[in-house]
Amino acid sequence: MASGLSRREVLATSGAMALVASGVASAEPNVTLLNVSYDPTREFHKAFDVLFAADWRKRTGQILTINQSYDGSGKQARAVVDGLQADVVTLGLAYDIDSIAQRGLIAPNWQSRLPSNSSPYTSTIVFLVRAGNPKGIHDWLDLVKPGVGVITPNPNTSGGARWSYLAALGFATRHNGGDETRALGFVRGLYHNVPVLDTGARGSTNTFVQRGLGDVLLGWENEAMLAIDEVGPGKFEIIRPKLSILAEPPVSVVDKVVDKRGTRAVSEAYLKFLYTVAAQELAVKHHFRPRNRTVAARYASTFPALDLITIERFGGWKVAQAKHFADGGTFDKIYQPS
Amino acid sequence: MVALAPSLGTILDVRRRAAWREPSALPGFRGAFAFTLVYAGLIILLPLAALVARPWEHSPADLVHGILQPRTLAALRLSFVAALAAAVVNTAAGLVIAWVLNRYDFPGRRVVDALVDLPFALPTAVAGIALATLYGPNGWIGSLLAPLGVKVAFTPLGVFVALLAVGLPFVVRAVQPVLEDLDTALEEAAQTLGANTLQTFARVILPALSPALLTGFSLAFARGAGEYGSVIFIAGNMPGVSEIGPLVIVTRLEAYDYAGAAAVGLTMLAISLAVLIATNWAQVRLARRGAP
Amino acid sequence: MTASTRALRRATGFGPVLIALALFWLALIIGAPLATVVAEAWSKGSEAFFNIFKQPDALAAIRLTIIVAAIAVPLNAAFGLAAGWSIAKFEFRGKALLLALIDLPLSISPVISGLVWVLVFGARGWFGPILDVAGVKIIFALPGIVLGTILVTVSLIAREIIPLMAEQGSDEELAATTLGAGGWTVFRRVTLPNVRWALLHGVLLCNARAMGEFGAVSVLSGHIRGLTETLPLHVEALYNDYDFVGAFAAASLLAGLAVVTLIAKSALERVGAPRSTT
């Protein structure tokens, strides 16, 4: 069925079949790549794939078709583990790629293979409020006030929600001088103000924007900026807390798949291309924070500098996952009658 | 396929035939039966075997602990209580609708009859999005209910409302054929003998319909308890409050706990199955009692 | 399955009240969500609505949905007929068990219906390693989507046919056999015509459900745009893309398909009813 269905032909001039592959790559004139990604990158990858395919063709003469799969980050990692033949994964948090690596599909040292923890772009956790900020929400402490409805997805099923949870915990830990019990008390108070836990980030955005529920949406900065783009300016505004978390959406080649399919060269080039100035500019356009210093400096006003804690503060993803989001973790305890 | 069936039949020549099958003059049993078994085996039994086999990689104590967790229990309770309540309402509503469709003529009857199956055919995600739009605080119905202080979307009540749509076709479609076959002469006789409409209904019609109603009830219940797509958008998904059983399965999968997910799935299936078997048994009893 | 031959009454007494009650309930439970879908789809005018049918990904999704139904429905129909023939026309032990097995998929959560195939054919499932060596892709490809759809819809046609065949007994078939007809001829000339309306009803229902299946297929699809996304999954994707009009347009296409199918079923029954009840 594959050839009959129209996949997104990134470069599709039928006459190009005659093109002879030059120098670099294999004799195969056409190549396909499957990028298994998470929901918020849809718009970015749509544009990036065109850019990369054009560049790849210029360099090798190969016509590259990039197939895209989107869903929640955790679900996508599981699909790859269960056999989805992804050449590259571009997911929402390192834990998800670690999970794939743990099952032998990706080399354990994946995160050090590319610059900046293998995260070509970053984001952070911010607040989206309704125009005029009627509830006067300015920082984390405002989220636990009575009568404030906070919309955020379920950390059990959403990678973005885990970043949000940890950002809140990070703030509260600092606010309470490192007292963990009191910090968790703050997080508990925050989640008690949450009327709906959607399963994914987009679900939460829809609940907040379309259904009109809640006073503040807690989530990805890129999602908040996109929501304003899509719904039209003037209806919502972004509030950036003084302290937040450095959310690093990582990327990796799936070693087992690319070695079997013979697509390692193009897959690695695809990921390296994410670090080029052109790609970084594109990331900015789709509301991700660029890693490239020059590009970042150019857009310093778009992405105000915040005090950002990192995942290392929580002992890395493996520790954080087990302690907070596993069965019986601190998130579960929030919903148990104490 | 029918051409395929006899060849399968010869492969799986059933030698003990006489011992367990009554002889019949009709041909074609072996072929049809072999195909039925192979197909049911591959499509139903094989995957279910995988489900049944999976939970045991945990120790039995862990398994029980995983299911008896307050959060899991609350989710299972919500799924089954909402399914039960919706099935009860659907049994009543389905009876009225089937009755109206089969006994009265009114404009548009055929179209209405066809629409009954819609919840069954509509993708669950579409139904879910539509319901959330409809019952959300700014939706058509949600905005009408809000001043009354009734919240449907993102509460356990939302689960119940979503299941009302999911289960309705099962009851209507179970009742309709029986209603069709029900001899009107019986009703007329009852009326001639002086029974009023309510008496006729209670003494003549309801007993005849009760096995079908039970079937519809149990199918609506089983389907409702397992429903995911249309519920997830309107439920609110708050652990312990509006989180449904199938979401717990999804959550476990998210943590790569396949065994735990299969355990919850198996528990849900067992409960649904128990209800189906119980209603089947009740049905047989009803049928025996009803037989002249 | 015998369609109505009895003259329907003009509503009297309780009648109008019951009709009003039934119609109100149906409007609330089924009509309102349907109207929401259609209203949202047309909220930006007809151009926005028809735009969806120009997108290659949407067309690919429509095509895949049709392919899946075209495989799943005939297989399930064949199964329904074979099961009906064995169960209704013959006596054997374990019949109740077989019947229960056929009913079982109706009570499985769609989430589970997808998961079980992952457990069987996924990379870490029972047959995953063998399939990997053989280079056969089942999960996250067409076969997986078809298997998920079949499991969800397998009971539908069989449930329509079996009770009717059982009710009809096998007298007619026996008579035909006595007259020297072969098994295949008996099936084609006697049995099939007797159950054709039940079969049709089952096929249409199965088809509508197969095209609309979401939960199980979502687990098995891999969500590759233009390749393994069915129409219901594409609806979700569009919705998540902020393309609400597109999402509801695709949804109303599915709903439209379902409504047309169901009305066609009802119309066909009316045409065929007088002949089938003889």
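Trainee: Which helix gives the largest share of the side of chain C that touches chain B?
Mentor: Helix α1 (residues 15-41) of chain C, with 18 residues. Helices are DSSP runs (H or I, at least four residues), as are strands (E, at least two), numbered from the N terminus.

Trainee: And by class, what does that side of chain C have?
Mentor: There are 66 nonpolar, 16 polar and 13 charged residues. Ala, Val, Leu, Ile, Met, Phe, Trp, Tyr, Cys and Pro count as nonpolar, Asp, Glu, Lys and Arg as charged, and the others, Gly among them, as polar.

Trainee: Before I go on, what are the ground rules here?
Mentor: This is a predicted model: local features need pLDDT of at least 70, side-chain atom pairs count only at pLDDT 80 or more, and totals for chains, interfaces and linings use all residues. Residues are numbered from 1 along each chain as its sequence is written, chains are lettered from A and ligands numbered from 1 in the order in which they are written, and side-chain values use heavy atoms, with hydrogens and water left out.

Trainee: How much do chain C and chain B bury between them?
Mentor: About 8,700 Å², with 77% of it on carbon and sulfur atoms. Buried area is the accessible area (1.4 Å probe) that two parts lose on being put together, summed over both. The salt bridge count for chain C and chain B is 0; that term means a side-chain nitrogen of Lys or Arg within 4 Å of a carboxyl oxygen of Asp or Glu.

Trainee: Switching to chain A, what area is buried between chain C and chain A?
Mentor: About 2,600 Å², and carbon and sulfur atoms give 53% of that. On the chain C side, C:Arg225, C:Leu227 and C:Tyr242 supply 26% of the area buried against chain A, more than any other three residues.

Trainee: How many salt bridges there?
Mentor: The rule finds 2 between chain C and chain A. One pairs the side chains of C:Asp241 and A:Arg42, at 3.1 Å, N to O.

Trainee: What is the mean pLDDT of chain A?
Mentor: It is 90, and 91% of the residues of chain A reach 70 or more. Over residues 1-26 of chain A, pLDDT stays under 50.

Note on methods: pLDDT = per-residue confidence, 0-100. Contact = heavy atoms within 4.5 Å.
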